[in-house]
Amino acid sequence: MLRWCLSTVRVLGGVDGGQRIRLLSSASAHVQECLPRSAGTQDTSKRSFRTSDDLQESGPSNSTRAISALQEILTSPALVLDPSRRPTPNTIRSFYISAKARDQLSQLDSGMLSALIGLFASLSVDSTRRCVYTSSLLPYVKDGPVTRDYWAFVKEVVSLKQQRGMRLVHSDRYWMMRAELASLSPSKDGQPGYTHPFDRSLFRARKQYLHFSRHVFDPDVHVQYLTALLSSTSPLHKQWAIDAMTSILLTHPFLHAKVLKVLLGIVHDTDTEHLRSILSAISIRVTRFPSPCGDTMKAPMAVPVDATTFTSALSVFPLPVPSPSPHMKVITELLHEAFSSNIPLVHRRRNLLLCSLLYTCNSGGVPISSLDFPLDGGASVWQTLFALAILEEVTRAAGPALLNDRALRGRIQEMIRSLHESWLHLVPNESHPTLISRAVTTSLFRLSAAVADPKLFAACLESSTNFGLWTGDSSDTVEGPQLAAMAAMHLAALMQVRGCGTELVIKTLSSYSTDVQHQCAVASAAVKDLIHRDVELARILYNITIRSGRDIDVDTTYTLARTLPPHHAVGFLMHERFSRVQVGGLLSSIARFLKETRHQHYDADLFDDVGISLRKFYAISPPPIHFRGHLQLLLAELCTRGRGFQTTAIIANVIKFQPTFFQFSFLLRLVRLFLRRKQFRCALRMQKILIDTRGGCATNLRYMVTTRRCVTASRHLSMKGRKSHTLFRGGCFWAAGTSFKSVMSSGPVYNRVLQGLIYARRPHAAKVAFSRVASKVDTKSRTILGNTLLHGVVTRPVPRNGRRVRKLLGLLNNLVSYQQFAPDRITVNIILKALIAWRTAFDYRRLRALFDHMVRGGYPAGIYSPSHPPFNTPILRTSGTLVLSKLPPYISFEKHAKPMLKMFIKAFYLRNDVEAARTVVEILKIEQQEATLQREQRSVARLRGWMQAESNTSRRDDTTHVHNNRS
């Protein structure tokens with residue numbers, strides 16, 4: 001219906017008329033902001049009531065608003081940085097449509113159109129994944145959930161650019177390719193009637209891709225296209241993917257992990273013949289020397305120290321560079337041996353499949369039964385390195401459970417021994433660099449420790465000694481890291497296979513080198529490796545190293561501390577070399593451990609150390625905001641473990657620097673936790689902190705804290721022989737009751753205390769409490785507290801009837817005589833309730849007489865009056881409280897009369913006096929109507945008073961304004 005109305009307006013009113021109506025929408029506000037200030041100085045109220053004639057008079061200025069705003073947005077986005085003034089995508093699109101209707105798009109140059117294409121295309125894709133072509137205008141567009149895409153609009157702008165003869169830049173072609181790919185539906189591929197549209201879309205996407213693919217190295221630009229091609233079932237599309245990957249291998253200096261994933265997927269699912277072009281491209285890539293891209297190296301490659309790091313360097317197929325370092329020279333030679341053009345295609349594909357298998361193992365794991373390694377004596381260095389790397393990843397994923405699974409352990413142990421024997425046959429036949437031999441030996445040490453194989457460990461140590469791998473310069477930039485890594489794996493395997501004796505560890509460390517720094521580096525690397533396999537051994541090795549006078553680097557120490565359980569981790573909180581960030585991370589780890597082991601018992605010293613560390617840590621500066629969740633969790637655990645005073649001190653320190661750091665719900669939950677744990681002093685401290693930071697929570701805190709304290713008071717107050725354990729012992733009741741004095745009255749607090757005592761069946765404790773506070777409260781509060789005590793007698797199941805009435809009157813006389821209690825109308829209702837419940841003494845006749853007595857005392861009675869009561873019974877001779885003339889004259893219908901009438905109605909029905917009950921019901925209805933009418937009259941009068949006061953105030957302001965103008 002809305003679309004029909006808009007189209008009708010365009011037809012009847014013309015193009016200009018339709019566009020003028022559009023400019024009066026919400027988009028016009030942004031138009032006015034984008035225009036110069038002189039154009040927006042007119043009164044907005046007058047502008048909103050312009051007629052069509054006025055719009056025609058101002059036509060030239062209105063006709064350029066949309067195109068001017070669009071140009072302003074596309075060229076100077078910094079002018080609309082204010083979030084409230086940022087345009088929405090639909091607003092920008094409406095500007096474009098308005099300019100198009102007026103044939104003004106010719107004023108947009110090629111750069112503006114490209115910016116418009118990039119903006120709406122970037123809005124159509126996932127905002128978390130950014131590429132080189134993501135629009136820079138995104139921060140200047142109003143944020144909000146994007147519920148649609150704008151690919152059709154992007155195609156329209158691209159078509160306009162082509163029609164005007166402008167050249168499409170790379171970004172335009174990329175977004176046009178994404179628009180074509182967005183129209184694909186791989187689930188429908190192969191269905192009847194969808195094959196041709198699918199092929200046409202891919203063909204158009206490929207046409208755009210070929211224009212920019214050789215000039216862009218961003219992986220996200222290529223992966224989208226390759227993924228779409230591989231999702232098709234057509235062999236032609238798969239061949240297009242192979243051709244694109246071949247071009248990437250020949251032109252890109254670096255292969256991103258996303259591109260490698262697609263490459264290895266193609267290798268895994270394609271036979272050798274179809275992979276000829278990719279294998280040839282890899283051969284050209286790895287044998288090109290010197291590399292024309294040698295000056296584009298981002299950073300020097302780290303020295304590979306084991307099979308895993310070696311295979312990581314080999315898997316990216318780095319381009320050979322001139323004047324390489326020793327380890328780069330080794331990597332280049334290995335790539336030559338595996339992928340040079342004189343190697344058969346089958347062998348090259350097998351080497352690529354090993355890369356794919358390692359990637360699969362790193363991503364999601366691979367079953368041991370599917371591993372197929374060439375374990376014969378003819379295995380190459382490439383195959384040996386990748387097989388060791390795969391086994392390292394498998395054992396790392398299995399973890400400590402590997403030693404408990406005999407079948408899995410036996411299978412891996414057999415593979416490791418076969419690889420070791422294959423390596424021993426391979427080394428004498430070829431002269432391999434020492435770098436590769438040390439890397440293989442390091443991995444074999446790690447694997448022998450993972451399967452706890454002493455024989456394999458001894459064989460690896462013997463072969464490394466025979467080949468002279470331990471001799472070298474530990475200060476060299478290449479040999480030093482390799483020697484340290486091999487020694488660290490040997491030390492870690494030694495502790496796992498032969499035990500962790502202190503003398504054995506120190507002797508082994510001294511045997512590696514006489515340089516203390518090298519020994520510290522070896523110990524640090526060994527601790528770092530043991531952290532991931534056996535954290536207890538890592539802790540033991542750390543303690544042995546520190547006690548022997550050697551140091552462990554800070555990063556390794558921090559990693560170890562975060563991995564240890566809380567009772568060991570707290571010892572690192574006072575580490576001298578830890579930064580504030582590291583201490584905060586360690587505290588978060590301890591908090592998570594404590595939460596996971598909530599029901600486990602810990603020593604008291606643990607929580608003392610944590611509390612002291614937190615208090616010192618945040619005494620001089622606040623914690624970062626991202627640490628709030630961990631800190632709240634740690635404080636809750638401290639509170640649960642009985643460290644309430646430390647918790648409140650830490651919160652006070654943090655709030656001193658940043659009052660809004662903690663969530664208000666967490667602080668309230670902490671107060672409840674203190675009350676549940678009976679840490680009342682801590683609850684009062686938290687109450688004071690909360691009220692100082694947020695005063696509006698006083699009422700809720702009053703109810704929460706008082707109610708909880710009443711429960712404890714009901715158990716202990718006024719119990720003989722246990723006064724030292726009571727909450728309100730001696731004069732402490734007054735102090736406890738007035739602890740809220742700064743924010744609330746003490747009367748309601750005491751009333752809730754008495755109610756809690758009465759509900760807990762402790763009436764004597766309630767009397768004692770009342771006697772202690774009666775002289776310290778005003779008359780009104782004393783009356784409320786006394787009525788609470790009297791009502792407690794009525795609500796008790798025993799005594800009954802006459803004994804209850806006598807007890808109630810006796811308590812009333814006691815309160816009046818000794819506690820300066822002043823009865824009121826509520827006291828009368830309480831006594832009436834006790835008398836009415838005594839059915840044997842008060843039959844329907846006496847009940848009628850009692851009702852007439854209340855009417856004669858001034859209670860409202862509808863059409864009746866004190867001189868003409870409803871039942872015309874004789875006048876009662878009463879004394880004491882039922883002498884109504886001594887009570888305050890004011891009678892509230894809601895508080896006094898209505899409860900009394902309801903009590904009498906129920907009592908008459910229970911005595912089968914239906915006539916009297918109906919009479920009282922009629923009285924109640926009449927009085928209810930009168931009370932409602934009076935309430936409405938008071939509301940009307942109050943409203944008139946407010947209106948009169950406002951009119952007087954405005955008249956006074958006008959008078960002052962006129963006086964000021966005349967002056």
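In this predicted model, L509, S510 and Y512 of helix 24 meet Q519, V522 and A523 of helix 25. The residues of this contact divide into four nonpolar, two polar and no charged. The axes of helix 24 (residues 502-512) and helix 25 (residues 516-531) come within 9 Å and cross at roughly 125 degrees, which makes helix 24 oblique to helix 25. The crossing of helix 24 and helix 25 is right-handed.

These helices belong to a protein with 44 helices and zero strands, in which buried residues make up 48% of the 967 residues. Among contacts in the protein with a separation of 6 or more, 71% are accounted for by residues 24 or more positions apart.

In soluble globular proteins, nonpolar side chains tend to be buried together.

| Core | Residues in core | Members, among them |
|---|---|---|
| Largest nonpolar core | 202 residues | F317, L614 and F662 |
| Second, separate core | 58 residues | I758, L815, F842 and L901 |

Within the largest nonpolar core, F317, L614 and F662 touch the most other members, while helix 23 (residues 479-498) gives the most to this core, with 11 residues. Which residues does L614 touch, not counting residues up to four places away in sequence? With those neighbours set aside, L614 touches L587, L631, L634, L635, L638 and I650.

Notes
Residues are numbered from 1 along each chain as its sequence is written. This is a predicted model: local features need pLDDT of at least 70, side-chain atom pairs count only at pLDDT 80 or more; totals for chains, interfaces and linings use all residues. Side-chain values use heavy atoms; hydrogens and water are left out. A nonpolar core is a set of buried Ala, Val, Leu, Ile, Met, Phe, Trp, Tyr and Cys residues joined through side-chain atoms within 4.5 Å. Buried means under 20% relative accessible area, exposed over 50%, partly exposed in between (1.4 Å probe, protein chains only). Helices (H or I, at least four residues) and strands (E, at least two) are DSSP runs, numbered from the N terminus. Contact means heavy atoms within 4.5 Å. Axes are lines fitted to C-alpha atoms, for helices over the stretch in contact, and angles run from 0 to 180 degrees between N-to-C directions. Angles under 35 degrees count as roughly parallel, over 145 as roughly antiparallel, 65 to 115 as roughly perpendicular and the rest as oblique. A crossing is left-handed if the near helix is turned anticlockwise from the far one by less than a right angle, and right-handed if clockwise. Ala, Val, Leu, Ile, Met, Phe, Trp, Tyr, Cys and Pro count as nonpolar, Asp, Glu, Lys and Arg as charged, and the others, Gly among them, as polar.
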